[in-house]
Number of protein chains: 2
Amino acid sequence: MSENTKEKRTEIGTLGEFGLIDHITKDLPTVNPSTIKSIGDDAAVIDHSKEGVTVISTDTLVEGIHFDLMYNPLKHLGYKAVVVNLSDIYAMNAYPKQITVSLALSNRISVEAVEELYEGIKSACEYYKVDLIGGDTTASPSGMFINLTAIGVNKKERIVYRNTAKVGDLLCVSGNLGAAYLGLQILEREKQLYLDTPGIQPDLEEQQYLIGRQLKPEARFDMVELFEKNGLIPTSMIDVSDGLASEIFHICKQSGVGAIVEESGIPLHPDTEQMAIKFKMDPATVALSGGEDYELMFTINPNDMEKVKFLPDIYIMGEIVEKSEGIKLHTKGGNIHPIKAQGWVHFPTK
Amino acid sequence: MSENTKEKRTEIGTLGEFGLIDHITKDLPTVNPSTIKSIGDDAAVIDHSKEGVTVISTDTLVEGIHFDLMYNPLKHLGYKAVVVNLSDIYAMNAYPKQITVSLALSNRISVEAVEELYEGIKSACEYYKVDLIGGDTTASPSGMFINLTAIGVNKKERIVYRNTAKVGDLLCVSGNLGAAYLGLQILEREKQLYLDTPGIQPDLEEQQYLIGRQLKPEARFDMVELFEKNGLIPTSMIDVSDGLASEIFHICKQSGVGAIVEESGIPLHPDTEQMAIKFKMDPATVALSGGEDYELMFTINPNDMEKVKFLPDIYIMGEIVEKSEGIKLHTKGGNIHPIKAQGWVHFPTK
């Protein structure tokens, strides 16, 4: 655990505002033909007219709210900031093509730190094949703010919304849930230990999977490709950023339906199950109320069940029911409980 | 001068994150047919394929850097945040159609204050006929951050870049320059007086024009319409956000040319001239080094001079020359000085 400062430290002021942007974004290649004009003008220019409609999403990460420089390495933070945004584009069943990045930086941040952050941003751009086409960088009196806008494309008829789930649809999810939340709990615990006993070196080796899901999540581009290859269009979709329960509520509220979730159908990684028990938490609750999994939750027409059944990493965990039946969990013990919409709450209620 | 808090104060926490967004954006109408899906999903969906290519710009306003809640009324601040972004779209010779708004808010900000900010945002959206299609709202440990992304459209062949000015082109500007900068100086002076003698009520009546240019600027949509009506496409264009000198440098550097500016050609409002003298500043320097005018600076082919000559509110102030001739000011006194690229510098150099 360190504040991630390299030995060399160049103050941002020595480069100036334009100098910093030039320095970081010079010679940035673009890979998508739809990117007509990238960084360097009043605005970027893109042309998605041959590919379909344009999908736009924006998201902000705030120091002290969404990340902590005590344990978020800057490179991973840059990577994650991109992933979080791309996840929203995939959740529309679209392909991200471009991003813009806006940064507000306090003078605590050195040029080297910004470079590290951008290393992560660029690395994600390469992996997900998106072009960094613009943004702005400004000063902040305190704390770091990262705002990203992701721009994607797909044919109009392939775009999937939240408000189109139908009674009888199967409720599915990719990957597994709850790991990122437990990763955060581990990091918070280690931070506290470190603050109590400075110099202590935490051994996080065993918890690599959970911590990795928190610090360097991936977005499910493979699902969108899988849907296309298998001639499948989900009836509704959302990404799991605020926790499964919260996402189910969004889908149900906007579609005017209810849902029944099988506790036994919620996919959990073995490390998640073990660590939940160590923390004296119920694994299903961790999946329902955690967050930042960046998996895709979606509903499919029951006629598409055969298409989904043998696809990798897709789990059927419930069914869409009439609105009057509410949103409920069918536990492994055979009980039925209403699910509460408890997601991330960034604004303290008191 | 006040912190702009109404009597009623509702804490943001009482609504929660989703509650606040819902509360502010419910029943928001859209006016552009290209807006297919607005607020309420993982991303917004737009379709510009019938109208041309998509132009995207993003900009951040940071409390204590770009605005001061001591003298920026929140409604005006919201309006200005939109205008600043739309100006970038107009500077591409495109028509803005959509915006997204991301806010980071400290708990110093009440629900009523956010509503006031959004009143300004919505008012600008109505005036400029753009749809607010998304964004996010999150907590900030301190200070307010406003990030906007503006999305516009025009036919590909009508988009105007910064790097296409040619030797012999005429250098033009809309409106007048320097007023917003002097407006800021007046507000800063009054703030200081207020802090020194609390309770004092400043008399800003006489300086309404200059202060208005600072607090509630407008973007030049009329110029883009005027160009289209008169069959004119500028050879290059940029908006004046960082000061005339800085914008000339951008155009010249990116186009690989030089420029000669006639001091007598720089348009100044009478109030700007008078106030500059009061502040013991040279009016031309105020226009060159000030900023936030949000006028359009552009170059035209000399063959188009007849088209421009009789158009309202367009001023020819110089000429594009060979790069080797540098960037120079021809003063009223007949002298020639090199122009320095001194725009807004948000990062202190020391």
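Predicted model: local features only at pLDDT ≥ 70, side-chain atom pairs only at ≥ 80, totals over all residues.
Strands here are DSSP runs of E with at least two residues, helices are runs of H or I with at least four, and both are numbered from the N terminus; two strands pair if DSSP finds at least two bridges between them. Within this pairing, A:Thr54 stands opposite B:Ile46 of β2(B).

## The sheet

The order β5(A)-β4(A)-β6(A)-β3(A)-β2(B)-β1(B) describes an open sheet of 6 strands with mixed pairing. At its edges stand β5 (131-139) of chain A and β1 (35-37) of chain B, each with a single partner strand, so one side of each has no neighbour in the sheet.

## Helix α8 of chain B

In helix α8 (residues 270-278) of chain B, the buried residues are B:Asp271, B:Thr272, B:Met275 and B:Ala276. They lie on the same side of α8(B), because they cover an arc of only 130° around the axis, the arc being that of the directions from the helix axis to the C-beta atoms. On the other side, B:Pro270 and B:Ile277 are exposed. A residue is buried with 20 or more other C-beta atoms within 10 Å of its own and exposed with 12 or fewer, C-beta atoms being placed from the backbone.

Just after α8(B), B:Lys280 has a positive phi of about 55°.

## Basis of the description

Residues are numbered from 1 along each chain as its sequence is written, and chains are lettered from A in the order in which they are written. Local features need pLDDT of at least 70 and side-chain atom pairs count only at pLDDT 80 or more, while totals for chains, interfaces and linings use all residues.
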